[in-house]
Amino acid sequence: MAEAPRMPIESGCPDPIQYMHPTMRRNYGQWAYHDRPRPGVLHHTSKHNEEIWTVRAGTQRQMDVYTIKKLCDISDEFGDGFMRFTIRSNIEFMVDAESKVEPLIKALQDAGFPVGGTGPTVSMISHTQGWLHCDIPGTDASGVVKALMDDIYEEFQKSEMPNRVHMTTSCCQINCGGHGDIAINIQHTKPPKINHDLVANVCERPTVVARCPVAAIRPAMVNGKPTLEVDEKKCICCGACFPPCPPMQINDPVHSKIAIWIGGKHSNARSKPSFQKLVAAGLPNNPPRWPEVGAVVKKI
Ligand code: SF4
Ligand code: SF4
């Protein structure tokens with residue numbers, strides 16, 4: 001008889017304390033102050049006069065196993081063997097002696113990782129999943145990030161911005177992403193095109209009708225088959241009908257554009273909530289380098 005399958009242990013995310021550098025564990029909640037000795041380095045001193053240095057480097061969000069192994073090797077050889085990723089895909093190495101900082105920075109830079117991202121810098125751009133992982137993207141968010149960071153990664157290393165700058169890119173208009181000082185989002189400008197032959201076979205029509213925020217979709221019959229129709233005067237081109245109904249194709253090489261929003265409640269954790277402002281719309285979705293997007297971001 002086959003062995004019983006191994007059942008998952010439903011215990012939530014693991015306790016992070018066990019993975020912390022011992023100096024951080026000992027001084028958890030007991031930090032007195034911190035300073036930034038140079039871009040990419042944080043220096044914390046605890047109430048018990050213990051010190052720790054954090055070296056931050058930039059990485060891409062979607063990483064192959066060889067790159068992760070390389071980072072682990074750098075951590076073992078030049079750090080204390082402790083590292084973590086931030087939500088903006090920066091990697092941080094913690095060391096307990098100042099003398100370890102410069103060799104660690106050199107090892108990271110020699111391996112091609114820029115060191116920076118602390119204080120008033122342009123931090124790494126966080127982005128949504130895109131073509132790798134999602135079924136509705138109108139562009140490849142990680143491609144826009146690559147093109148942009150090639151243009152501005154020196155700002156990650158320099159700490160010369162007026163304040164911290166967090167950027168995001170989102171590959172559709174309605175779902176994840178968009179939480180930054182500068183948010184680069186896809187923007188559809190034409191209503192969906194319906195493939196009536198497929199709707200009846202593929203889509204749960206009431207679900208699609210319910211998804212529309214402006215009640216622009218209604219059931220219809222075409223060539224004797226049940227399908228849907230869109231009142232194009234009402235449609236705001238949001239794309240919400242496309243995920244539950246792929247035959248409502250809204251992605252378009254010409255009419256799916258890029259919009260750039262700035263500010264808003266995500267841009268500064270210390271200010272009261274406010275709305276983002278639209279500063280550029282209708283920019284072409286122009287791979288592989290998205291030059292029009294890069295020009296606007298640099299101007300901002
Ligand atoms: S932003 Fe939209 S298309 Fe991109 S990963 Fe999120 S849900 Fe998918
Ligand atoms: S794109 Fe948005 S507004 Fe237009 S029909 Fe689909 S869900 Fe409704």
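**Strands, helices and ligands**

Me: Start inside a sheet. What stands opposite Asn185 in β8?
Reply: Ser170 does. Strands here are DSSP runs (E, at least two residues), helices are runs of H or I with at least four residues, and both are numbered from the N terminus. Ser170 and Asn185 face each other where β7 (residues 167-170) runs parallel to β8, joined by four bridges. Two strands pair if DSSP finds at least two bridges between them.

Me: Before we go on, what kind of model is this, and how is it numbered?
Reply: It is a predicted model, where local features need pLDDT of at least 70 and side-chain atom pairs count only at pLDDT 80 or more, while totals for chains, interfaces and linings use all residues. Residues are numbered from 1 along each chain as its sequence is written, and chains are lettered from A and ligands numbered from 1 in the order in which they are written.

Me: Back to β8. How many of its residues are buried?
Reply: Seven of seven, across residues 182-188. Buried means 20 or more other C-beta atoms within 10 Å of the residue's own, exposed means 12 or fewer, and partly exposed is in between; C-beta atoms are placed from the backbone.

Me: Which side chains point which way?
Reply: Ile182, Ile184, Ile186 and His188 point one way from β8. Ala183, Asn185 and Gln187 point the other way. Both sets are buried.

Me: Which strand pairs with β8 in the antiparallel sense?
Reply: β13 (residues 256-263), over seven bridges. Ile184 has Ile260 in β13 as its bridge partner. β13 in turn runs antiparallel to β14, with six bridges. There, Ile262 stands opposite Lys277 in β14.

Me: New topic. Which residues come nearest to ligand 1?
Reply: Thr128, Cys134, Cys171, Cys172 and Asn175, of 13 residues around ligand 1. A residue is near if its C-beta atom, placed from the backbone, lies within 6 Å. The shell has seven nonpolar, six polar and no charged residues. Nonpolar covers Ala, Val, Leu, Ile, Met, Phe, Trp, Tyr, Cys and Pro; charged covers Asp, Glu, Lys and Arg; the others, Gly among them, are polar.

Me: And which come nearest to ligand 2?
Reply: Cys212, Cys235, Cys238, Ala240 and Cys241, of 16 residues. That shell divides into 14 nonpolar, one polar and one charged.

Me: What about the other five-strand sheet, what is its order?
Reply: β1-β2-β3-β5-β4, open and antiparallel. β1 (31-38) and β4 (83-85) stand at the edges with a single partner strand each, so one side of each is left without a neighbour in the sheet. The twist averages 25° from one strand to the next.

Me: How many residues sit in the hairpin turn of β1 and β2?
Reply: Two, and Gly40 in the turn has a positive phi of about 90°. Five bridges join the antiparallel β1 and β2. Trp31 has Ser46 in β2 as its bridge partner.

Me: Then how many between β2 and β3?
Reply: Four, with Asn49 at a positive phi near 65°. β2 (residues 41-46) and β3 (residues 51-58) pair antiparallel over five bridges. His44 partners Ile52 in β3, and Val41 stands opposite Val55.

Me: Is Gln18 buried or exposed?
Reply: Exposed, because Gln18 has 7 C-beta neighbours inside 10 Å. Gln18 is in the segment before α1 (22-26).

Me: Last one. Which domains are assigned?
Reply: Domain 1 (16-110), domain 2 (126-188 + 253-299) and domain 3 (193-235). The bounds come from an automatic or database domain assignment. The centres of domain 2 and domain 3 are 31 Å apart, taken over C-alpha atoms.

Methods
Axes fitted to C-alpha atoms, helices over the stretch in contact; angles between N-to-C directions.
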